[in-house]
Number of protein chains: 2
Amino acid sequence: MLLESGPRLGMVGGGQLARMSAAPASALGIEFWVLAAHADESAAQVVQHVMLGSHENVEDLRDFAASVDVMTFDHEHVPPDHLRQLQAMGVAVRPGPDALIFAQDKLRMRQMLTEAGLRCPAWAQVWSAADVEHFAQSNGWPVVLKTSRGGYDGKGVWVIEHLDQVQQVLETSLPPDAVWLVEAHVRFTRELCAQVARSPHGQAVAYPVVQTMQRDGVCAEVISPAPDLDPERAVSAQAMALHIADLLDVTGMLAVEMFDDGEHLYVNELAMRPHNSGHWSIDGSVTSQFENHLRAVLDLPLGSPRALAPYAVMVNILGGDVGDLYSAYRHVLARDPGIKVHLYGKAVRPGRKVGHVTCIGDDLPSLLERARHAADYFSGTIDH
Amino acid sequence: MLLESGPRLGMVGGGQLARMSAAPASALGIEFWVLAAHADESAAQVVQHVMLGSHENVEDLRDFAASVDVMTFDHEHVPPDHLRQLQAMGVAVRPGPDALIFAQDKLRMRQMLTEAGLRCPAWAQVWSAADVEHFAQSNGWPVVLKTSRGGYDGKGVWVIEHLDQVQQVLETSLPPDAVWLVEAHVRFTRELCAQVARSPHGQAVAYPVVQTMQRDGVCAEVISPAPDLDPERAVSAQAMALHIADLLDVTGMLAVEMFDDGEHLYVNELAMRPHNSGHWSIDGSVTSQFENHLRAVLDLPLGSPRALAPYAVMVNILGGDVGDLYSAYRHVLARDPGIKVHLYGKAVRPGRKVGHVTCIGDDLPSLLERARHAADYFSGTIDH
C-alpha cells in the first residue's frame, strides 16, 4: 500500500464494469484488486492486481478477501452465504448480502417493494400453467414470465401472448433456488432508469434520470436526461430510487429500471453496481458512476453527478460480423473528433456487448445520429 | 492481443504520465505496456503489463521493444543511440530520436529554433565566467545559466544576479554530454504553454493556450485558457507550437513553454510527451492530452481538444509533512463535490509532485480558491 492508510478495494468479477472502475481507482490512488475467472477477462487485461478464481467458490472468495479491505461487485451473482462468511471474517462487503439479495432474487425484490408500497407491475409467484392462466384472467394477456434468479440482459424473461406458450416456458430448467414469477405486461411508452449512489453512513446522490432503449432484451441506447420528462416525474423517479436505496440499505450504486406508461412509473429491475444505463457518466458528468461507486463503498464523500452538457447519448457496440474492432477507428475517429469510444477488450460474438460510444452536447438528434453511426460502424452493420 | 489487429503500445518510464495514460489506453482497448525501473513506480502499481528495466540500458529497451509495436515515452531521457538501434529493429519509436533530441538538449533546441526564426530569449553557449560576463555586458543582469541536458522541474537552471555567483555554478558537475548555456532573463509578465498533438501522417490539433505558474521552478498552477489573453496572441502561440511540431517532426504531444513579456512570446522549453500544463484536460476537455498522445503515436485520427467549460484550473499537490494523503479525502471531497482529485501513488516527500486537483466551471476566482484549498489541504499547509 502506497497511500499509508488507504484501503485496498476488491471487485468480484472481471467484466467491463470492473475494467471501467479501474480508471477512477487509479486516479484516486486506491489500490484496486479484481477477482477474475480468467486472465483474459475484460478487467484482468488492464489492472495490475488480479486474482484468478470463481465468485461461486468460497475458498477463492476468502483468499481474495484476505488481500483487500473492502469488497464490492461487478455483478450480482455471488451466493449470499459466501458473503456472510466473509463478513464474519471482518471483510467490509458492500453492498452487503442482505441488500444484494434484492438484486439477486426478483421474488424477494417484488415482495419487499410491494410491502413498502412502491409501484411494481402486478405480479404473482406461479407453479403451473393454470396459475399463469388465473393471473392473466385478472391482468390480461400478454404476461411476462420470469425466473426469480439468474436472469440478465433479457435472459430468464419471456413475454407470453397466449396460454398455449406457457407450458413450454415452464419446462425450461430453473437456476438453483429459482422460482417462477408472472407479471403484467406494462404498456409502457418508454423505459427510464434512476441511478443513485449511497454510502454506508447514508449520504446519497441522484444522477439525472435517463431514458433507456432495449433491443432483444439488451440495453441498446441511453439518453441522459430522459427527453421531455416532466421535472416533477423526474424528481419522483429519483426519490423512488433514493427511497429504495435507503430501504434496502444499499451501499454503492443502485440502478432502478422503470416502466413509464405516461401516467405512472413502475419498478422493473434493480441493480446494485455500476450499470449500463450510467456509462454516459464517464464522459458526461462531473463524477462518473464508477467513481461514485468506489467512493460510496469506501464511505468517502460522494462526488457531484452533475451533467457536463445538456444531453449525453450512449450507444452500445454489439458484436457483429467484424472481429477486428480496431480497424474501425480510422473511420469512426476521423468522422467525429468529439465521440468517445470505450472498447472492453472482449472477443466479438454476435449480439455481445463489446463496447460503447458516448457523445455529449446540446443537439439531441445530432448526438443520436453520431453515436448510432459510430456504434453501427463498429458492429459492421454500416460500412461508410 | 485481444483486438485482433490492434497494436501494442509501450511507454518507457513508469511515472505519473504513464499512469494517467493507462486510462485512455484501457478505454480505447489498446494493450498498454510500461517499462518501469521499479515495481512500486506510479504506473507500475496500476497497469497489467509491466516490464522492469532501465531506460538507459539498451538490452532492457530491446526486450521491451520485442513486446510492443509502438514505443513512446513518459520522459525525455532515453539515449538517442539506443532509440536508433530500436528503430533499426523495426520498432516504431514516437517521437523518434531525431525529434526527441530537441527536448533532450537545450543547446540543440536553441540552435534549431533560432535558425528557424522563432523567438527565444537571447542565448549563448559558454565555457567560463568570462563568457558569462561578456554575455551579461550585452544582455544585462540577471542572466540564466542552464545545463543543456538533464534538467527538469527547475533543476539544472540557475538565475544569476551577479558575476561573483557564476564561478560556483560553473563548478557544478555537468550531466554526460552536457554543456553550459547562458540566457537573458526575460522580464515576463506571465508564463504560457501551448500544447499540440501531431501524428505521423501530419494531422495536428491545438489545445487552448494555458497560463502556468511556477514555484521554485516547479509547476504549481495552470489556468486554461490563459485569462485575458488576446485572441490573436493565443492563435500565434498555437501557430508557433504547430510550426515547431512540424519543423521537428514531433509525433505525440508537444508542449511549448513560453514567456510572455506583454509584447512578445519567447520559447522557453519544449517537452515531447504529455505535460503537467495539460493535466487539466483529463477533466476539462473532450479528449485529454493523454488520449491524444496515444492516438497520435498510434497514427489514429486525433480527438477534439475542446474545453468542457469556460475555465479549468489545475493545482499540483506537492508533498508536505503529511504522509497519509488518503486521510485528506474526508475533508476535501466533502467540502467540494465538484473537485477532481488525482493521486499518483507516490511516497510523500517535501516538494515532490504527488498528485493534482482540477476544477472546471465559469467563475475563475472561485475555481482558483477551490483548487488551491484542496491542494493545500493535501499538502498539509492548511488543516481546515
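**Two chains, one axis**

User: How many bridges join strand 1 (residues 8-12) of chain B to strand 4 (residues 70-73) of chain B?

Analyst: Four bridges join them, and the two strands run parallel. Strands here are DSSP runs of E with at least two residues, helices are runs of H or I with at least four, and both are numbered from the N terminus. In strand 4 of chain B, B:T72 is the bridge partner of B:M11.

User: What kind of model is this?

Analyst: This is a predicted model: local features need pLDDT of at least 70, side-chain atom pairs count only at pLDDT 80 or more, and totals for chains, interfaces and linings use all residues. Residues are numbered from 1 along each chain as its sequence is written, while chains are lettered from A and ligands numbered from 1 in the order in which they are written.

User: New topic. How is chain A divided?

Analyst: Chain A has domain 1 (8-93), domain 2 (122-184) and domain 3 (190-379). The bounds come from an automatic or database domain assignment. The centres of domain 1 and domain 3 of chain A, taken over C-alpha atoms, are 22 Å apart.

User: How many residues of domain 1 of chain A are in contact with domain 3 of chain A?

Analyst: 18 residues of domain 1 are in contact with 16 residues of domain 3 in chain A. Contact means that the C-beta atoms, placed from the backbone, lie within 7 Å. On the domain 1 side, helix 1 (16-27) and strand 4 (70-73) of chain A each supply at least two residues. Helix 1 of chain A gives the largest share, seven residues.

User: And chain A overall: how many helices and strands?

Analyst: Twelve helices and 18 strands. The radius of gyration of chain A, over C-alpha atoms, is 21 Å. The globule rule (2.2 Å times the number of residues to the power 0.38) gives 21 Å for 384 residues, so chain A is as compact as a globular protein of that length. Buried residues make up 52% of chain A. Buried means 20 or more other C-beta atoms within 10 Å of the residue's own, exposed means 12 or fewer, and partly exposed lies in between, with C-beta atoms placed from the backbone.

User: What superposes chain B on chain A?

Analyst: A rotation of 180° with 0.0 Å of shift along its axis, at an RMSD of 0.0 Å. That is the relation of a two-fold axis. In chain B, the C-alpha nearest the axis belongs to B:Q48, 2.1 Å from it.

User: How many residues of chain B are in contact with chain A?

Analyst: 40 residues of chain B are in contact with 40 residues of chain A. Helix 1 (16-27), helix 11 and strand 17 of chain B each give two or more residues to the chain B side. The largest share, five residues, comes from helix 1 of chain B. 100% of the interface residues of chain B are also interface residues in chain A, so the copies meet through the same surface.

User: Where is B:G338 found?

Analyst: In the loop between helix 11 (329-335) and strand 17 (340-343) of chain B. B:G338 counts as partly exposed because it has 16 C-beta neighbours inside 10 Å. Not counting residues up to four places away in sequence, B:G338 touches A:V286, A:S304 and B:C359.

Key:
Pairing = 2+ DSSP bridges. Contact = placed C-beta atoms within 7 Å. Least-squares fit on C-alpha atoms with pLDDT ≥ 70 in both.
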